[in-house]
Amino acid sequence: MIYLDNNATTKIDEHVLEAMMPYFQEEYANPSSIYGFSKKASDAIKEARGVIKDFINAKDEKEIIFTSCGSESANTAIKGVLTYNKSQKHIITTKVEHPCVLNLYQTLEKQGYKVDYIGVNSDGDLDLEELEAKITADTALVSVMWANNETGVIFPIKKISEIIKSKNKETKFFVDAVQAAGKIPIDVQENGIDLLGISGHKFHAPKGIGALYVNSKTLITPLIVGGHQERGKRAGTENVPYIAGLAKAAELAQDGLKYEATEVKRLRDKLESNLLKNIYNSRLNTGVSNRVPNTTNIGFEYVEGELILLHMSDLGICASSGSACTSGSLEPSHVLRAMNVPFTAIHGSIRFSLSKYTTEKEIDYVTEKMPEIIQKITAISPYQDELAELKKHKIANGRY
């Protein structure tokens, strides 16, 4: 099995699992209890909070809230800011956000909020002039993902923050960093971020654990109300094993950033260039640069993406046609639609996302098998005339 769907989820690192194990059996006490047995569990949470603080370069450990996932982090940040500040009803986000953010904003629109959705160009880059023009005195929140989950495109977070603060210093800035964490450096202070969410299972921690950064100057109303945990900002008994695992994964990810930027990127580029060279009806759906190092999104024209994935699965290759949260939908990707990817390619687009566990041998295998898969599917495509013309054009331009 060759797993190239790491933007959907990742394998748990063995060192992460090892760090978690003591808190399942030996040190299982409730960390909020006052007896001595609970101290190791309580200390584990405190230590983990410090690790995550350093991972994103927060100023204070008190700015870190442990959550269950990226979706909870986003909901806590967005609803928390808006509920605390009920006087402002304007929000700005992008057309290419993850469904956990977009669907929340569509719900908020029904509750009376005005939401502006900023567009992107064909490379997936955000229209910063449109963003700046939309910020008003009534703008409570700007919400922008750091790296897109389908294309890997990185948004200029620091520049966006500067634009926001120059137009309205009271506007809060939330960043969904779920696909950035563990792949590129994150510095909330340097980039002027007010709130930021991450999810452990995207960088080799288990599913079911995430974190939210809320800087000390940002006040929110908690999403989950109950006990005193997380300084009153997120009630519920702390998930100690998973918190310990998240911290270990963050440490390993920080140490592995150079490997991501070099070796993982090299393998991604090898896969990408070989597929584009050897499959005439392939196209890169993004710009070449300005992406996280593990992700590529390639469209195969005049073929169906789900059929491609089924053929790949038969050969033991795992990839996806978009966000895992929209799996099963027959609708074309909202991200690729926003980028104006041609209709001929949008339904046949495949996201390949690598990890530190991806090997050269695996990339060679996929490079060998993908042309065979696409050739088999194009042979039964009803668009034979269009395919022949496309092939002729690619040959004439030296691209095949």
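Mentor: E2 and strand E8 (residues 210-214) run antiparallel and are joined by four bridges. One of the residue pairs involved is Thr 67, whose bridge partner in E8 is Gly 210. The model is a predicted one.

This pairing belongs to an open sheet of seven strands, ordered E2-E8-E7-E6-E5-E3-E4, with mixed pairing. Strand E2 (64-67) and strand E4 (114-118) are its edges, each pairing on one side only. On average, neighbouring strands in this sheet are turned by 20 degrees against each other, direction ignored.

Helix H6 (residues 157-167) lies across E5 and E6, and runs at about 160 degrees to E6.

Back at E8, the loop between strand E7 (195-199) and E8 contains His 204. His 204 is not a glycine, yet has a positive phi of about 75 degrees. That deserves a remark because most residues other than glycine have a negative phi. His 204 has a relative accessible area of 8%, so this residue counts as buried, the cut-off being under 20%.

A positive phi also occurs at Tyr 302, likewise a residue other than glycine, with a value near 65 degrees. Tyr 302 is located in the loop between strand E10 (295-300) and helix H9 (305-314).

Note on methods:
Residues are numbered from 1 along each chain as its sequence is written. This is a predicted model: local features need pLDDT of at least 70, side-chain atom pairs count only at pLDDT 80 or more; totals for chains, interfaces and linings use all residues. Side-chain values use heavy atoms; hydrogens and water are left out. Two strands pair if DSSP finds at least two bridges between them. Helices (H or I, at least four residues) and strands (E, at least two) are DSSP runs, numbered from the N terminus. Axes are lines fitted to C-alpha atoms, for helices over the stretch in contact, and angles run from 0 to 180 degrees between N-to-C directions. Contact means heavy atoms within 4.5 Å. Buried means under 20% relative accessible area, exposed over 50%, partly exposed in between (1.4 Å probe, protein chains only).
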